[in-house]
Amino acid sequence: NEYKSYLSISKMSSDPTKMKRATAVISKVLEEEKQYKLNELAQINHRLKLTEEYLDRLRAYTLGCFYTDERERAFVTLPKQYPIMESESSLQKRRIIIGNLSKYITADQRANSNDQFTYKWLLYVRSPPGDDAIETFVSKVIIKLDPSYRPNDEIELTEPPFEARRRGWGEFPVKVKIFFGAEDQCIEVNHQLALDTAFSGLQTPGAETIVDVEFSPNSEEKPRKQVLTSSSKRKKYAGPSSLS
């Protein structure tokens, strides 16, 4: 729906700012879809390779049984379980919520604290309420902030809660890398930091990015992801209770 709305804007709008934003969103959606398809193709190729290896072992087993006598046949072993079934049996499907809260810092508060930042915000990575705790399947989270935060623009979180608290001036896209054990078992998701544009001074829910992911902890297959909601201010899941 988000893609379709921005596609219509890009076709009908004469506002350069709106067209630029729409083009960026469309490019992002298409790139994520392309990456998803490439991951699917890589998984299919990996399964084909496993199948060929299994057939080779099965062929060797069959020939061994045919050409050996009864005494030697006992030493010819059947290949282990069909590898694709073995791989699929360990497949895990999880939902991950990446979201943020923000709080506007009023002029009086900035004057009293000599702090010139206009917002404090919190970004979280968590499971939906009622699901398994995220630390049961996520080993590490790396959050990449806007370059204006350098040299502290990369945050590595190795234990729960997977949360980052910072102060700043404006909104920007955040790159979130989520690891499922091994270094190559990870996904990267873009989350748009959304701040309180009403300047209420109250803790305000921002955007949430909802990601469905499939992965096999003991497999060479890369995790597959599907981003369901991106840069949306419609809150479906509750974030942490306090930004203080």
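This is a predicted model: local features need pLDDT of at least 70, side-chain atom pairs count only at pLDDT 80 or more; totals for chains, interfaces and linings use all residues.
Buried here means under 20% relative accessible area, and that cut-off is handy for what follows.

**Y104 and Y119**
- These two tyrosines pair up edge-to-face, with 5.5 Å from centre to centre and 65 degrees between the planes.
- The pair joins distant parts of the chain: Y104 belongs to strand β1 (residues 92–104), while Y119 belongs to strand β2 (residues 119–126), 15 residues apart.
- Y119 has a relative accessibility of 5%, so it counts as buried.
- Y104 is buried too, because its relative accessible area is 17% and the cut-off is under 20%.

**W121 and Y149**
- Here's another edge-to-face pair: the centres of W121 and Y149 are 6.4 Å apart, and the planes make an angle of 80 degrees.
- W121 sits in strand β2, whereas Y149 is in the loop between β3 (140–144) and β4 (154–157), so the pair ties together parts 28 residues apart in sequence.

- Which ring does the charged end of K140 sit over? That would be the ring of F179, with the charged end 4.6 Å from the ring's centre.

Note on methods:
Residues are numbered from 1 along each chain as its sequence is written. Side-chain values use heavy atoms; hydrogens and water are left out. Rings of Phe, Tyr and Trp (its six-membered ring) pair if their centres lie within 6.5 Å; planes under 30 degrees apart count as stacked, over 60 as edge-to-face and the rest as tilted. Helices (H or I, at least four residues) and strands (E, at least two) are DSSP runs, numbered from the N terminus. Buried means under 20% relative accessible area, exposed over 50%, partly exposed in between (1.4 Å probe, protein chains only). A charge sits over a ring if NZ of Lys or CZ of Arg is within 6 Å of the ring centre and within 35 degrees of the ring normal.
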